[in-house]
Amino acid sequence: MPDINALRLEAKRVLREGIVDVVVGFKPGDSPLHPQPAFFRNEDEVEELIHNGLCKNNLANYLTRLPKQEKVGMLVRGCENRSVNSLIVESQKERDDLYLIGVPCEGIIDWRQIVEQAGEHISLVEESETLVTVHTPAGVNSFNRFELLHESCQRCLYRNPISADIVIGDPVANGSLDPVAQKVKDFENQDIEARYAFFQKEAERCIRCYACREACPSCYCAECFVDHNAPRWTESGATPAGMQGWHIVRAFHQSGRCTSCGACERACPMDIKMTYLTEKLNHDMREKYNFECGMDAETKPPFQTVTLDDKNRFFLGGGN
Amino acid sequence: MTAKAKIALFQCRWCLFSPADQEWVDTQLPENIHLTKSPCTGRINPLYLLNAIQGGADGIMISGCLPEQCHFKTGNLAARRQLEEFNDFLHYIGYEKERVRFLWLDLQDRGIIQKELAAFEKELEAMGATHHLATRIMRAEGGENA
């Protein structure tokens, strides 16, 4: 667990010394399950700053939403740091305008599982490295922390910030690639009917609120393809084709740009599974182009670069 | 399948070097093949493919130039990366991979596209219609999405 006082001291310091105009972090929300993103512009406000396993947003999301000229300080975990890097590659922000306060992350807790197991009336949630203790009017329950983690955090590869200016807290062990590859393979090895049935079942529950888009740091287009209606890129109504189109293209637009933070899935009010789509694309980028998104602030994603090395992969004279 | 398989053909306007082939594609395509000409395969957005599938195409053929023969130097390389990945991705969620066919043509090739289209059509007819991926609801003639 990061030392919250050290985080507050650092946030106050960068604000006081004028290194940044705003620090992006979290503050307590309406319920202990939902800390909310917050923007701290002066030292007094920083007293509210918190950081725990229930902070579920990807803060890099606000990088493109804040005014461009502002210098931004940001609390970043492993995935957020990679998202920031990927936004720098895409020229959305200058690295010099950023001050990254790194926090090694032990995974984000899936609040839905707490509600499922302990009910909705929750007064307090306490965390330790292995246990999550939930206080409700009915009593106190303890759960295994790892089992409560969000799915994408259980398989997280890079838990430590990669290019933060300062890291507060001890580094934690990084994950291994095997469970990620295994998950994609397990899905791929299913029958084609089963795969489509799963996709169809997930896509048809969509209510088209676009919370996944708003939660994603890579989705920053001024006008999304589904909002563009003259001419229409694709069916965008609340029809089966519209739902499927949205899920396919939203995921495909993340190819080589997704850091598997899982913010889209956590934001979904219908609890639709989405990371199985982006994980396939990330897996392919790793296998085909040896590319991992956001590992540095220079390498462009595979779809933005071309090389003649690819030429042997064309099949001469047609065919697949 | 009683009617002929519907094919959406996306053609790079430089890939058919022989005027006879281009003439055939421009004027004598069978009715079940819908031609979309693009300035380069690099201009073909994956959304076009999805749109064709949702619009009721049974198969998609993309014809472009081989590497080092692209009119715009690297358009085909970029296209191959994206479109191949898009096809793999569609396959992952349960669309038959064989329904998207790439045809990379050499500048010396003559009379290939006709044969390939005929073979592709036969294969599609053998496979039958797909119920994977929903097709959009057709509006009336002249409607926005028709």
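A residue counts as buried here if 20 or more other C-beta atoms lie within 10 Å of its own. The model to which this criterion is applied is predicted.

**Helix α2 of chain B**

By that criterion, helix α2 of chain B, spanning residues 46-54, is mostly covered, with seven of its nine residues buried. The buried positions in α2(B) are B:Pro46, B:Leu49, B:Leu50, B:Asn51, B:Ala52, B:Ile53 and B:Gln54. Their packing partners come from both chains: α9 of chain A on one hand, and β1 (7-12), β3 (59-65), α3 and β4 (100-105) of chain B on the other. After α2(B) comes B:Gly56, which has a positive phi near 105°.

**Nonpolar cores**

The largest nonpolar core contains 67 residues, and the members that touch the most others are B:Ile7, B:Ile60, B:Met61 and B:Ile62. The greatest contribution to this core is made by helix α3 (residues 75-92) of chain B, which supplies seven residues. The surroundings of B:Ile62 may be listed: beyond its neighbours within four places in sequence, this residue is in contact with B:Phe10, B:Thr41, B:Ile44, B:Leu83, B:Phe102 and B:Leu103. Another core, of 28 residues, lies apart from the largest one and includes A:Phe40, A:Met74, A:Leu87 and A:Ile168. In soluble globular proteins, nonpolar side chains tend to be buried together.

**Contact between the chains**

Contacts between the two chains involve 32 residues of chain A and 36 residues of chain B. On the side of chain A that touches chain B, the elements giving two or more residues are α7 (192-203), α9 (240-252) and α11 (275-289) of chain A. Of that side, α9(A) provides the largest share, seven residues. The helix α9 of chain A is also among the elements against which the buried residues of α2(B) pack. The composition of the chain A side is tabulated below.

| Class of residue, side of chain A that touches chain B | Residues |
|---|---|
| Nonpolar | 17 residues |
| Polar | seven residues |

**Overall form of chain A**

Chain A has eleven helices and eight strands. Its C-alpha atoms fill a box of roughly 65 × 50 × 40 Å along the principal axes. The radius of gyration of chain A is 21 Å, which agrees with a compact globule, because a globule of 320 residues would have a value near 20 Å. Of the 320 residues of chain A, 40% are buried. Among chain A contacts between residues at least 6 apart in sequence, 67% link residues at least 24 apart.

Notes
Residues are numbered from 1 along each chain as its sequence is written. Chains are lettered from A and ligands numbered from 1 in the order in which they are written. This is a predicted model: local features need pLDDT of at least 70, side-chain atom pairs count only at pLDDT 80 or more; totals for chains, interfaces and linings use all residues. A nonpolar core is a set of buried Ala, Val, Leu, Ile, Met, Phe, Trp, Tyr and Cys residues joined through C-beta atoms within 7 Å. A residue is buried if 20 or more other C-beta atoms lie within 10 Å of its own, exposed if 12 or fewer, and partly exposed in between; C-beta atoms are placed from the backbone. Helices (H or I, at least four residues) and strands (E, at least two) are DSSP runs, numbered from the N terminus. Two residues are in contact if their C-beta atoms, placed from the backbone, lie within 7 Å. Ala, Val, Leu, Ile, Met, Phe, Trp, Tyr, Cys and Pro count as nonpolar, Asp, Glu, Lys and Arg as charged, and the others, Gly among them, as polar. The radius of gyration is taken over C-alpha atoms; the globule rule is 2.2 Å times the number of residues to the power 0.38.
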